[in-house]
Amino acid sequence: MRAGPLTTPRLRLAPLDAPDAPELWEVVNGSRKWLEPWLPWVPFQKSVESSQRFSEASASDWDQGRALRFAIRDRAKGTLLGVVGLETCVEMHRSCDLGYWLRQEASRQGFMTEAAAACVDFGFRQVGVHRMRVAAATGNHASLRVIARLGFRFEGIARHAEWCDARWLDHAIFAMLDHEWRGL
């Protein structure tokens with residue numbers, strides 16, 4: 001069962017679903033050059049149909065407990081800003097990975113830190129996650145700053161972790177345990 005929306009002072013996070021597909025396509029396509037250096041799935045988003053399949057898969061993933069993805073929207077305007085979610089959810093281990101991306105026009109305004117904090121809180125408090133992992137390419141300084149602001153602990157470097165934009169990316173790996181999230 002999908003959760004209701006989460007709200008923060010400036011944002012509304014609602015489970016990603018099929019009706020989000022057309023706007024999702026516009027956002028990805030409009031920020032393609034911004035996203036491609038860091039996200040290997042961007043070149044595969046070739047049409048609104050690609051976004052439709054992803055949106056439908058996201059709803060199914062939520063229902064099956066595999067991933068819990070939220071569309072990030074500006075509360076005042078309703079504009080889609082990006083996606084944040086809990087990926088690779090493993091119930092037996094009470095673990096997941098935090099994943100996120102933001103459209104270029106919304107960057108450097110604190111939106112991702114705000115959205116990711118709400119998602120992390122949801123994971124620990126509502127879902128009952130024990131361990132949450134997050135990774136970012138060592139050269140993706142904006143993402144690394146978000147991770148630092150959230151308080152994740154550095155665990156190491158995964159060398160050549162991902163083939164993206166015709167090059168191998170090393171990933172800095174971070175994690176947080178439930179009792180480390182704001183004194184739980």
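Here is a short chat about the predicted model shown above.

Visitor: Hi! What kind of model is this, predicted or experimental?
Guide: Hello! This is a predicted model.

Visitor: Good to know. How many helices and strands does the protein chain have?
Guide: There are five helices and eight strands in the protein chain.

Visitor: And in what order do the elements run from the N terminus on?
Guide: The order is β-β-α-α-α-β-β-β-α-β-α-β-β.

Visitor: Nice. What share of the residues counts as buried?
Guide: That share is 47% of the 184 residues.

Visitor: And what does the accessible surface come to?
Guide: For the protein chain it is about 9,500 Å², and carbon and sulfur atoms hold 52% of that.

Visitor: Switching to contacts: of those with a separation of 6 or more, what part comes from residues 24 or more positions apart?
Guide: Such residues account for 60% of those contacts in the protein chain.

Visitor: How about charges? How many positive and negative side chains are there?
Guide: The protein chain carries 24 positive and 22 negative side chains. The centres of the two sets lie 4 Å apart.

Visitor: Now the rings. How many aromatic pairs does the structure hold?
Guide: It holds seven aromatic pairs. One of them joins Trp 62 and Phe 70, with 5.1 Å centre to centre and 90° between the planes, an edge-to-face arrangement.

Visitor: Are those two buried or exposed?
Guide: Trp 62 is buried, with a relative accessible area of 5%. Phe 70 is buried too, at 0%.

Visitor: What is the geometry of the pair between Phe 70 and Phe 122?
Guide: Their ring centres are 5.3 Å apart and the planes stand at 90°, so this pair is edge-to-face.

Visitor: Where do Phe 70 and Phe 122 lie?
Guide: Phe 70 belongs to strand S3 (residues 68-74), while Phe 122 sits in helix H4 (residues 111-127). The pair therefore ties together parts that are 52 residues apart in sequence. Phe 122, like Phe 70, is buried.

Visitor: So which residues do the ring pairs link into a cluster?
Guide: Trp 62, Phe 70 and Phe 122 are linked that way. Phe 70 takes part in both pairs we went through, one with Trp 62 and one with Phe 122.

Terms used. Residues numbered from 1 in each chain as written. Predicted model: local features only at pLDDT ≥ 70, side-chain atom pairs only at ≥ 80, totals over all residues. Heavy atoms only, no water. Helix = DSSP H or I, 4+ residues; strand = E, 2+ residues; numbered from the N terminus. Buried < 20%, exposed > 50% of the residue type's maximum accessible area, 1.4 Å probe, protein only. Contact = heavy atoms within 4.5 Å. Areas by Shrake-Rupley, 256 points an atom, 1.4 Å probe, with all protein chains shown as cover. Lys, Arg positive; Asp, Glu negative; His and termini not counted. Charge placed at Lys NZ, Arg CZ, Asp CG, Glu CD. Phe/Tyr/Trp six-rings, centres within 6.5 Å; stacked < 30°, edge-to-face > 60°.
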